[in-house]
Amino acid sequence: MFDELINKLNNCTYITLETTPSHSPVFSPIVETIAELGLDKLVDGFTTTDNPLAKLKYNSLFAAKMLQDRFHKPVIATMSMRDRNKIALQSDLLGANEADIRAILALTGDPATISDQPHTKGVFESDSSLLLDIISCFNSGINYAGKPFTHKPKEIYPFAVVNSYAKNPKTLQKKMLKKIKHGALGIITQPVYDLQSAKLLLELKEAANSECQNENKSAELILGVFPITKLRTAQFLSAHVPGINVPDDWLEALRAANEKGADEEYRVGFELSKKLFLELKALHPKLHLMTANQFQLAKDILS
């Protein structure tokens, strides 16, 4: 299952769909919606998020297990450095390993100060490179302290993230290089909204991979796609989310459509997003689709 996912990442078309567990003790409604829409037939795998924005949600590893068992497709489970020290990270990896949850997206995590839980404190023993290093140790049969396991864990497949935009592109290359050196096989970008940005990211990835040739390490870039169907979403992303650049022509088109009503606003946003998805797929068919659990929108984009 995971070997096939990595093979597709490196050699074929690769599409994953993000799922965001909700503030609920049940994840099954999301699973059932995906099944009803047949989304599992349109993607190569899924991801599960881990308490994004430091808001309490259903556990990403358990959600990954439910998706994987139902659809028999690999799931990349997110693990955040914000909520776990190195002991908890390793313990979760051990339990997930036997349950065959073995693709892990390593994140540093959003700051605990924005949490919906009063007085929450972040752990942050390090950034996501620590989790990538822990995974490398597990794949060598030892824990992070160097102690061999009684049974060697099954192989774990590490993924990482990177911004899609920076005023100085070299900063993105340095971040990619760091993730590759620490073992990431795939690097998922923040949402991309134009072909020039995508081409630049691919150039930076190639340069970072070249710097790691002597270490026999490399990673594939996975372009993030987040459809925008509302002007206020575009404005929020543009003004308040670092590492994302929404082009002016998108903002202008959505602003003009917004004045004509909600239906026109959605139509214009969807057409821009669908066109971008197809262009990115033609350029580099390694994509990660994020729709904030708007699964009908995901199906319309993928179909």
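1. Buried means under 20% relative accessible area and exposed over 50%, with partly exposed in between. In this predicted model, Asp83 has a relative accessibility of 36% and therefore counts as partly exposed. Its salt-bridge partner is Arg82, with the closest N and O atoms 2.7 Å apart. Arg82, at 3% relative accessibility, counts as buried.

2. Strand E1 (residues 14–19) pairs on one side with strand E8 (residues 286–289), in the parallel sense and over four bridges. Within E8, His288 is the bridge partner of Thr16. E1 is also joined by four bridges to strand E2 (residues 45–48), and these two strands run parallel. There, Glu18 stands opposite Thr47 of E2. Between E1 and E2 the chain passes through helix H2 (residues 28–37), and this β-α-β crossover is right-handed.

3. Strand E8 has a further neighbour in strand E7 (residues 220–225), with which it pairs in the parallel sense over three bridges. In this pairing, Gly224 stands opposite His288. His288 is therefore a point of reference for both neighbours of E8, being the partner of Thr16 as well.5. Which residues of E1 are buried on each face? Tyr14, Thr16 and Glu18 are buried on one side, and Ile15, Leu17 and Thr19 are buried on the other. Accordingly, six of the six residues of E1 are buried, and the strand is mostly covered. In a regular strand the side chains alternate between the two faces of the sheet.

4. Helix H10 (residues 262–283) has 22 residues, which at 1.5 Å a residue should span 32 Å; its end C-alpha atoms are 31 Å apart, which agrees. The buried residues of H10 are Glu265, Val268, Gly269, Ser273, Lys274, Leu276, Phe277 and Leu280.

5. The structure holds 18 salt bridges. In one of them, Glu4 pairs with Lys8, the closest N and O atoms being 3.6 Å apart. Because Glu4 and Lys8 are four residues apart in helix H1 (residues 2–11), about one helical turn separates them. Glu4 is partly exposed, with a relative accessible area of 47%, and Lys8 counts as partly exposed at 23%.

6. A second example is the salt bridge between Glu32 and Arg70, whose closest N and O atoms are 2.5 Å apart. This pair links distant parts of the chain, since Glu32 belongs to helix H2 and Arg70 to helix H3, 38 residues apart. Glu32 counts as partly exposed at 33% relative accessibility, as does Arg70 at 38%.

7. Asp100 has a positive phi of about 65° and lies in the loop between helix H4 (86–98) and strand E4 (103–107). Asp100 is partly exposed, with a relative accessible area of 23%. Asn293 also has a positive phi of about 65°; its place is the loop between E8 and helix H11 (295–302). With a relative accessible area of 25%, Asn293 is partly exposed.

How values were computed
Residues are numbered from 1 along each chain as its sequence is written. This is a predicted model: local features need pLDDT of at least 70, side-chain atom pairs count only at pLDDT 80 or more; totals for chains, interfaces and linings use all residues. Side-chain values use heavy atoms; hydrogens and water are left out. Buried means under 20% relative accessible area, exposed over 50%, partly exposed in between (1.4 Å probe, protein chains only). Two strands pair if DSSP finds at least two bridges between them. A crossover is right-handed if, with the strands pointing away from the viewer, the path from the first strand over the helix to the second runs clockwise. The expected span of a helix is 1.5 Å times one less than its number of residues. A salt bridge is a side-chain nitrogen of Lys or Arg within 4 Å of a carboxyl oxygen of Asp or Glu.
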